[in-house]
Amino acid sequence: MNLRDAEPATVARRVGDVILAVEGVSLAFGGVKALTDVSFDVREHEVRAIIGPNGAGKSSMLNVINGVYRPQAGQITYRGTKRSAMEPHIAARAGIARTFQSLALFKGMSVLDNMLAGRTLLMKSNIFLQALRIGPALAEETEHRKRVEDIIDFLEIQHVRKTPVGRLPYGLQKRVDLGRALAAEPKVLLLDEPMAGMNVEEKQDMCRFILDVNDEFGTTIVLIEHDMGVVMDLSDRVVVLDYGRKIADGTPDEVRANQAVIDAYLGVKH
Amino acid sequence: MIYREAGQFKTTYASDQQLFPILQDRVFVIGFLVFAFGVMPFIGTEYLFRAILVPFLILSLAALGLNILVGYCGQVSLGTGGFMAIGAYAAYNLAVRVPDLNLIVIFLLAGACSTVVGALFGIPSLRIKGFYLAVATLAAQFFIDWMFARIKWFTHDSPSGNVSAPPLQVFGFPIESPEAKYLFVLAFVCVFALVARNLARGAIGRAWMATRDMDVAAEVIGIRPMAAKLSAFAVSSFFVGVAGALWAFVYLGSWEPLAFDVNRSFQLLFMIIIGGLGSILGSFLGAAFIVVLPLVLNQVPGWLGVHMSTATVSHVEAMVFGALIVFFLIVEPRGLARLWAIGKEKLRLWPFPH
Amino acid sequence: MNAATSRNLTIAFFVLLTFGALAPMAFGSARFPQWLEVVIGGLMSGVLYALVAIGLVLIFKASGVFNFAQGAMVLFAALTLVRVMEKLPFALALVVTLAAMVALAWLVERLVLRPLVNQEPIVLFMATLGVAYFIDGFGQLVWGSDIYTLDIGMPKEPKILLEGTFEGGILVSTEDVIAAVMAGLLVAVLALFFQKTGTGRALRAVADDHQAAQSIGIPLNRIWVIVWSVAGLVALVSGVIWGSKLGVQFSLQLIALKALPVVILGGFTSMPGAIIGGLIIGLGEKVSEVYLGPYLGGGIENWFAYVLALIFLLFRPEGLFGERHIDRV
């Protein structure tokens, strides 16, 4: 069942103007070309999927969008500002958050601290106030704690809030990763294979969280995922990459019918 | 049964975020402080203050500073001795060149000098990590050693490079008796430990730990590595600088650059590895361990009726430290502090098995 | 920084270095023969730094460990040799010392490397700090901590070269020349070992990719013992040369600390880097000490190498010949 089909009216209302666009992005490591002349856009409030076989350049694309990698060519336009490359802290400040394919949580810190760290940008008090933990610094800690607890409730991880994340099972770590990204109250959320390695139930939970984030907070979502069922269910539009090039772009149904995609990704039928 | 938190429900986030959320911990810490400030000065012997407590407290402060950098922010430094030297010589120059400056102000300014130098030598950390950085901090150590040995201005043209602290007094009270020195140092260490704990559990501490655990991810969520690393270097050097000034003024009295050589750096690093990386308590446990162990080792041969020369004892000491470092890294990388925490967990359940 | 800028910076570094070395002559503060003596002296001590650095690179390549204990191993090897020589002839003492170094390698592998496998590099680094302390304490406990003279029959009297060309000629220490030849031989033997033997091939495979090497049946643990033994051999040769030059004493271990900036300069993974880095550091610190030292109060030898390496790190963190790697997320 396509979860989107149930509520076509909201979908139409939801999706807004282009918030993020990449144009002609090319990225190479030494002689290896990761991305070649890739262009696509993301509209506000939509769920945009990037799919492709292994090594197609999907993660590299996310890394270009939030500035971890600097592309050799092309532009990134985010909320009207055109740049030849992002910087991670500019991206973070401008409301782009992300999760990671291979978990990149702060393993020595508790769930709570991981998520509070996600709100670092929103904290204002200076080092001296923090050192004495008086007045504004104290009030701020409590205020942010409240916000983070809301997200903890939302993700249903109350029972492990003080556990160091390194000790949590994989599925929960994935949730904490999402929670840390959400803690920053992002406008755009980049999800790098949020369901990789999960069983069916865990996948269903994660799908629900992603849709809820999208519906309740209106967060724009860019999603890399291998599970085609999930992609078809969740996303409004899909970009397909293969060997670093874009080979298709459109609604899930269009992409599914595209011959190039079938050949490259779903495999040629025998 | 005694150490249980059952029935202590937190109804506000503020109460869950206080310094010691568990009642028994609070009682214990307060009791400990009352003992340290109120009882100890009356029951301690001169030997205890001079040879154990004062060096222990000052080295704890330095270890605390180093732990901020290494344990919390993950930047290994082998230049701690050098930063202590900066604090010591800065304090000396302030005391000699600026008459009538309050001793506490002198120590804080000495810490500030160390902060500046520490942040300067922290700049390479923006480009290099791990043992590359460790070697870079060795550059700081050797350069600072040389600076105080060869540039006469810093030692006020003392011919031998040996300098002495002026008589110590605060607000008219002399700090000469062992008890007074102990209380003075204790007060400093308590305040700094509180500051360290507050920083470590606040936004800046989270930024440090995030940088330590996964620097790329930290950058992606908007923590600037430069700010996190340099602030860790700065705060750490401040602590270490104040400790250096205290070590020189209160513990040594008169000293030469050798007092802060590279072996001091190693010693402090060993303290935090044994005590516990990324733990305030660990800094104290590690310092206590390293101050007390040589004293014990000196006694052991006597108990066994064997004669050991000082040289032999110092070689055995090196072997024991070396073996312990490897042991702790393998068996319990979070050190004595972790053992303490495990003990507390056990105590929570005691006497019930689960 | 892209590859081209990086290369240009490296070239600029060498140009500056050459200018730095030549500057004392250009400004007339040095006569040519004197200057040449300083340069040769610097290069000679550079050879010795390079030797210690090679030990570091070997271990780093094969086990990913930055071995802080290399200096302690040099001291331990020299101490063992000099004390065993009091009882046994030189050749036999050499064999005994080598056996001790192999035993040490085996113990390190068993007690330190194996339990710490897959730990972060910095943890292993700190562990080798502990190993260094242990070896220092152990060596001196067993062999004593005095200064011992190591006499292996190297001629002490200096040679005067090119007497006809310059007035007074150039003074060169024969000992240094022999040391350089020994170091060269050792490097050649190591190169042959790595290129031509099966064990050498296995070592290179492990250096390239631990897991891949393991998956084709190369026994990692045995390789580590071999590499640490080879590093022990290198330490022994360094110990013999240093020891007969300066006497076997605790300060040998501090001289070995100089190998750290050398590998930073040369790159952690490169043998030629260790050699060239050693020569640069040796030359740089001698020339700067002799011609710059007097203006700064002397003793700059103590930090010159480190500060040079530090500056270098800022511009080219992977060293002259090291491999660059990209952080992947």
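Reply: Start with surface. The accessible surface of chain A is about 11400 Å², and 52% of it belongs to carbon and sulfur atoms. Such areas come from the Shrake-Rupley method with a 1.4 Å probe, and for residues only the protein chains shown count as cover. For chain B the surface comes to about 14600 Å², with 70% on carbon and sulfur atoms. This is a predicted model: local features need pLDDT of at least 70, side-chain atom pairs count only at pLDDT 80 or more, and totals for chains, interfaces and linings use all residues. Residues are numbered from 1 along each chain as its sequence is written, chains are lettered from A and ligands numbered from 1 in the order in which they are written, and side-chain values use heavy atoms, leaving out hydrogens and water.

Me: What makes a stretch of chain A count as a helix or a strand, and how many are there?

Reply: Both are DSSP runs, numbered from the N terminus: a helix is H or I with at least four residues, a strand is E with at least two. Chain A has eleven helices and ten strands.

Me: Why is chain A called as compact as a globular protein of its length?

Reply: Compare two values. The radius of gyration, taken over C-alpha atoms, is set against the globule rule, 2.2 Å times the number of residues to the power 0.38. Chain A has 19 Å, close to the 18 Å that the rule gives for 270 residues, so chain A is as compact as a globular protein of that length. Its C-alpha trace spans about 65 × 40 × 35 Å along the principal axes.

Me: What about chain B?

Reply: Chain B has 14 helices and four strands. Its radius of gyration is 21 Å, close to the rule's 20 Å for 354 residues, so chain B too is as compact as a globular protein of that length. The box around its C-alpha atoms is roughly 65 × 60 × 45 Å, along the principal axes.

Me: Why is A:R133 called buried?

Reply: Buried means under 20% relative accessible area, exposed over 50%, and partly exposed in between (1.4 Å probe, protein chains only). A:R133 has 10%, so it counts as buried. A:R133 sits in the loop between α5 (127–132) and α6 (135–155) of chain A. Its phi is positive, about 50 degrees, although A:R133 is not a glycine.

Me: Is B:F171 buried or exposed, and how do you know?

Reply: B:F171 has a relative accessible area of 64%, so it is exposed. B:F171 lies in the loop between β2 (169–170) and β3 (173–174) of chain B. B:F171 also has a positive phi of about 50 degrees and is not a glycine.

Me: What makes a set of residues a nonpolar core?

Reply: The members are buried Ala, Val, Leu, Ile, Met, Phe, Trp, Tyr and Cys residues, joined through side-chain atoms within 4.5 Å. The largest core has 229 residues; B:F107, B:W208, B:F249 and B:W255 have the most contacts inside it. Helix α3 (residues 46–72) of chain B gives the most to this core, with 16 residues. A second, separate core of 39 residues includes A:I151 and A:L234.

Me: How do you know which residues B:F249 touches?

Reply: Contact means heavy atoms within 4.5 Å. Not counting residues up to four places away in sequence, B:F249 touches residues including B:A88, B:Y92, B:F107 and B:W255.
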